[in-house]
Amino acid sequence: MLKTKNTILFTILTLTLLLILLLNISFGQVAIPVKEVFKSILGDTASKETWEYIIINFRLPKAITAILVGIGLSVSGLLMQTLFRNPLAGPYVLGLSSGSSLGVAFVILGASLLPSFLSEILLSSYGIIIASCVGSFLVLLLVLIVSQRLRDTTTILIVGLMFSSFTSAIVSVLTYFSSAEQLQRFTFWSMGNIGNLSWNSILILTISVIIGLLLSLASIKALDALLLGENYAKSMGLNIQKSRYIIILATCILAGSITAFAGPIAFIGLAVPHLAKLLFQTSNHKIVFFGTLLIGAIIMLFCDMISQMPGMDFTLPINAITSIIGAPIVIWLLIRKKNLVR
């Protein structure tokens, strides 16, 4: 009976994902019929060349990016909540977002101190992506070094928060000495953006997300054991140090690559795992993992669809939409369903 219920839920989520993908590509400043979107995705040519151009070059890449971002952040949030046994843990709890912000801040806010030819290279889209990757990678190295020396998982969480505070403080100092134009550009980056990626960038992001997901899948048994505490996991023969290392590495790859390409995006990683547990009423990671994956992609596509403001000449920041739409929904669900599966 429970297996049948889960099968029905997964079928509904998959169909919902396909439907909202078509609607996401259809909606926007230029409305495109869903039938034309479906034809274009299947390889046929749309009735109008402008529709074809918009779908292939703008809307489809953005929709794929939204799916990757939703999947990656949701799964990494699930990993962190289970590892630290903390419902408030998210993908950025280890300081990855702050590390990325620090790298980007050095480039955007400090580029004026560099020679003009070097500042032009660093201020390009790929320069900012590389700076973000370097920032998050340095934080990753520090976290992995610390995790090898510490046995207590909670202490690693505290260290991650300290890294976050330290890097945020440096960003604040850089901000204080920056011009209005530099501040504006850095603010725009911090709002998140999933609409400016080329197909090459999407390919790199896809590979990174796949690697992170494979590491996450390899950790499912460890995650189930860690739910009952580290002592129980050790009694089951689990290598805590190795499992912790793999979970942290998977989270860093997922959250770090997404932040590098799309900027820091709030809410998704924190809330989606709770929604999956509420929907499936289980803590079994074989089920919650795939439920989180699908729900994350659906919510991210929906938020992107809202941010496009159909019929309007502007697009709202995706970071603001994820929080405005998502946070009240989760609060309502948690109040309504008090017996949240832990």
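Trainee: Which exposed residues does the face of α8 turned away from its buried side carry?
Mentor: That face carries Ala180, Glu181 and Phe188, where exposed means over 50% relative accessible area, buried means under 20%, and partly exposed lies in between, with a 1.4 Å probe and protein chains only. A helix here is a DSSP run of H or I with at least four residues, a strand is a run of E with at least two, and both are numbered from the N terminus. Keep in mind that this is a predicted model, in which local features need pLDDT of at least 70 and side-chain atom pairs count only at pLDDT 80 or more, while totals for chains, interfaces and linings use all residues. Residues are numbered from 1 along each chain as its sequence is written, and side-chain values use heavy atoms, with hydrogens and water left out.

Trainee: OK, and which residues of α8 are buried?
Mentor: In helix α8, which covers residues 180-190, they are Gln182, Phe186 and Trp189. Seen down the axis of α8, these buried residues fall within an arc of 55 degrees, so they line one face of the helix; the arc is that of the directions from the helix axis to the C-beta atoms.

Trainee: What covers those buried residues of α8?
Mentor: The cover includes α4, α6 (125-149), α7 (153-176) and α12, and contact means heavy atoms within 4.5 Å. Just after α8 comes Gly192, which takes a positive phi of about 85 degrees.

Trainee: Which residue other than glycine has a positive phi near 75 degrees?
Mentor: That is Phe267, and its place is in the loop between α12 (240-262) and α13 (268-280). Most residues other than glycine have a negative phi. Arg85 also has a positive phi, of about 50 degrees, although it is not a glycine, and Arg85 is found in the loop between α3 (49-83) and α4 (96-110).

Trainee: Is Phe267 buried or exposed?
Mentor: Phe267 is buried, because its relative accessible area is 13%. Arg85, with a relative accessible area of 54%, is exposed.

Trainee: Let's switch to the serines. Where is Ser164 found?
Mentor: Ser164 is found in helix α7, and at 18% relative accessibility it counts as buried. Leaving aside neighbours within four places in sequence, Ser164 is in contact with Gly95 and Ser98.

Trainee: Zooming out, how many helices and strands does the protein chain have?
Mentor: The protein chain has 15 helices and 0 strands, and 51% of its 342 residues count as buried. Among contacts between residues at least 6 apart in sequence, 76% join residues at least 24 apart.

Trainee: What radius of gyration does the protein chain have?
Mentor: The protein chain has 21 Å, which agrees with the value near 20 Å that a compact globule of 342 residues would have. The radius of gyration is taken over C-alpha atoms, and the globule rule is 2.2 Å times the number of residues to the power 0.38. Along its principal axes, the C-alpha trace spans about 60 × 60 × 35 Å.
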